[in-house]
Amino acid sequence: MQILTQARGFDLTTKVREHIERRLRFAFDRAHPYVNRISVVLSDVNGPRGGEDKSCRIRVSVVGAADVLIDDCQSDIYVAIDRAVDRAGRTLARRLARQREYQHGYPDDRRTAISANAAAGEVACQAVPQL
């Protein structure tokens with residue numbers, strides 16, 4: 001799992017970078033085999049004017065599915081990171097659960113028919129789709 005971190009409008013400190021990596025590794029630990037890359041972009045929207053302007057955008061590249069894109073804006077960068085990581089983790093977990101449910105919904109007729117033909121002595125040249 002590759003983690004890319006960028007900051008726009010302010011300097012990215014090692015403390016913030018370590019916080020991001022620790023939170024991401026914890027949130028995506030179970031989904032680790034399905035995640036190619038996680039891209040985090042932090043930005044200060046309003047500059048020095050203040051307000052809820054610290055933005056955290058997370059893009060999770062998932063194997064065999066569409067990317068998960070989460071954007072959160074808060075006044076504190078750590079809160080924005082925590083909320084965005086939590087939301088991204090929950091969204092990815094839901095997607096993977098739906099994917100598993102969809103794959104287990106297929107009847108086993110295709111695999112049974114092919115293995116029955118092979119047991120009867122016929123040579124099966126078809127590829128069995130992975131479910």
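Biologist: What is the volume of the largest pocket?

Modeller: The largest pocket has a volume of about 190 Å³. A pocket here is an open set of points on a 1 Å grid over the protein atoms alone, where a 1.4 Å probe fits, with protein on both sides within 12 Å along at least five of seven lines. Volume is the space filled by probe spheres set on the points, which are joined across faces, edges and corners. One caution: this is a predicted model, where local features need pLDDT of at least 70 and side-chain atom pairs count only at pLDDT 80 or more, while totals for chains, interfaces and linings use all residues. Residues are numbered from 1 along each chain as its sequence is written, and side-chain values use heavy atoms, leaving out hydrogens and water.

Biologist: Which residues line the largest pocket?

Modeller: Lining residues have an atom within 4 Å of a point. Here they are A27, F28, R30, A31, Y34, G89, L92, A93, L96 and R100. They divide into seven nonpolar, one polar and two charged. Ala, Val, Leu, Ile, Met, Phe, Trp, Tyr, Cys and Pro count as nonpolar, Asp, Glu, Lys and Arg as charged, and the others, Gly among them, as polar.

Biologist: Which helix gives the most to that lining?

Modeller: Helix α2, residues 77-104, with five residues. Helices (H or I, at least four residues) and strands (E, at least two) are DSSP runs, numbered from the N terminus.

Biologist: How many helices and strands does the protein chain have?

Modeller: Three helices and four strands. From the N terminus on, their order is β-α-β-β-β-α-α.

Biologist: Now helix α1. What should its 14 residues span?

Modeller: The expected span is 1.5 Å times one less than the number of residues. For α1, residues 14-27, that gives 20 Å; the end C-alpha atoms are 20 Å apart, which agrees.

Biologist: Which residues of α1 are buried?

Modeller: V16, H19, I20 and L24. Seen down the axis of α1, these buried residues fall within an arc of 120°, so they line one face of the helix. The arc is that of the directions from the helix axis to the C-beta atoms. The face turned away from the buried side carries the exposed residues T14, K15, R22 and F26.

Biologist: What does V40 contact, leaving aside its neighbours within four places in sequence?

Modeller: V40 contacts L4, T5, Q6, I20, L24, C56, R57 and I58. Two of those, I20 and L24, are buried residues of α1. V40 itself is in strand β2. Its relative accessible area is 1%, so V40 is buried.

Biologist: Which strand holds R59?

Modeller: Strand β3, residues 54-62. At 39% relative accessibility, R59 counts as partly exposed. Leaving aside neighbours within four places in sequence, R59 contacts R37, I38, S39, D67, V68 and L69. R59 and I38 are 21 residues apart in sequence, yet 5.7 Å apart in space, C-alpha to C-alpha.

Biologist: And the whole chain: what share of its residues counts as buried?

Modeller: Of the 131 residues, 28%. Among contacts with a separation of 6 or more, 47% join residues 24 or more positions apart.

Notes: Buried means under 20% relative accessible area, exposed over 50%, partly exposed in between (1.4 Å probe, protein chains only). Contact means heavy atoms within 4.5 Å.
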